[in-house]
Amino acid sequence: MIDNFAKQLPRRRSVPVKVGNVTVGGDAPIVVQSMTNTDTADADATVAQVAALARAGSEIVRITVDRPEAAAQVARIKDRLDRIGIDVPLVGDFHYIGHKLLSDYPDCAAALDKYRINPGNVGFKAKRDTQFSQIIDIAQKYDKAVRIGVNWGSLDQELLTRLMDENSGSDKPVSAAAVMREAIIQSGLLSGERAEALGMARDKIILSAKVSQVQDLIAVYADLAQRCDYALHLGLTEAGMGTKGIVSSAASMGILLQQGIGDTIRVSLTPEPGGDRTREVQVAQELLQVMGFRAFVPVVAACPGCGRTTSTVFQELASDIQGHIRVSMPAWREQYPGVENLNVAVMGCIVNGPGESKHADIGISLPGTGETPSAPVFVDGEKVTTLRGEDIADDFKKMVLDYIENRYGKGAMSPSSADIA
């Protein structure tokens, strides 16, 4: 099985960090996180989006804290989330004036579970060390973790200039791109060392080093992973919209994850106009699930279709089942423990249909063009019935729900003995 193989892959050793009720790094599962795009000063909108992201499966949610009006609402947002049963760690995203907001709004500092610090804009020139130190001191006061998040769009220009000058005077100069990558890495590592020098423990520090190009991200994190044991937050920044953002994120992070690099991930998708912010959570979950690192929702395997499958029944059935699973998962996680490991197959003809269905927990092989209008159903590798008539799709959906109840419901029997026929 792929999931068993993935669990055997060597994983980079990192120091575990507690973020609220979630552990990042160490032996903990790779954590999925996301970020709101609401104005945090609008508490109603922010509570609604954090709740939606958490229900979709985001295990940590980051919110923007960019001005006093936003900082003033953070404690209220946290309290309202607690009252509706959303116990998800909140991360404050700070830039430029984070030190001032955390000092002026102690309720905000206490309510957040982690502070994100950008070394490129935490302060400039003589103020940089002072303002960075203020944030670290406040984090220690409230026993909070920090993420030192370097982004090449806001890189420390003094550090970059110094490295560029050193490179130009070197006997063996490297490319400007290589210097840029080194600046990103050094920015994170030097900031981590500075935090430790100020008294912060290593198990309170997470690093990230985000860029927007696939090969650059792979190179930066591969190098960074060799040079420290901090927990690493993984993500391709400004990944883009739609399939471009999904493919770029999956290609870059997939390679790094396969190498054992990455303790928590975010897929930074640009939403389609009016699109659902939870899409980035779904993509992150699917990336980890298809690679075999974690299971979040039942897998629905469906054939791509060809000239043998001119009927759209199998497409509609696969879509219906997958959609129903997604909508139902928040309740199913409590009602049917382990249901995320379920595998369902919906196939469109007899070529691969029976074989694929046998490999699934429950599968159906629908009739293709010119085939007998019958659909064999397989459960745990054995054919249990053949569905016929106009209600094949509805009958199979009922069988799937019965299988879930029998296998994962309270008092469920073992899969081999469950009577689902």
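## A covered strand

Let's start with strand E5 (residues 90-94), which is mostly covered: five of its five residues are buried, where buried means under 20% relative accessible area with a 1.4 Å probe, protein chains only. Strands (E, at least two residues) and helices (H or I, at least four) are DSSP runs, numbered from the N terminus. Leu 90, Gly 92 and Phe 94 point one way from E5, while Val 91 and Asp 93 point the other way.

This is a predicted model, in which local features need pLDDT of at least 70, side-chain atom pairs count only at pLDDT 80 or more, and totals for chains, interfaces and linings use all residues. Residues are numbered from 1 along each chain as its sequence is written, and side-chain values use heavy atoms, leaving out hydrogens and water.

## Neighbours of E5

E5 runs parallel to strand E4 (residues 60-64), joined by four bridges; strands pair if DSSP finds at least two bridges between them. Arg 62 stands opposite Val 91 in E5. Strand E6 (residues 114-117) also pairs with E5 in the parallel sense, over four bridges, and Tyr 115 in E6 is the bridge partner of Gly 92.

## An annotated binding site

An unreviewed UniProt entry lists Cys 303, Cys 306, Cys 349 and Glu 356 as "binding site"; such annotations may be inferred rather than shown by experiment. Cys 303 lies in the loop between strand E13 (299-302) and helix H12 (313-335). Cys 303 counts as buried because its relative accessibility is 18%.

Glu 356 is found in helix H13 (residues 353-359). With a relative accessible area of 33%, Glu 356 is partly exposed, a term for values between buried and exposed (over 50%).
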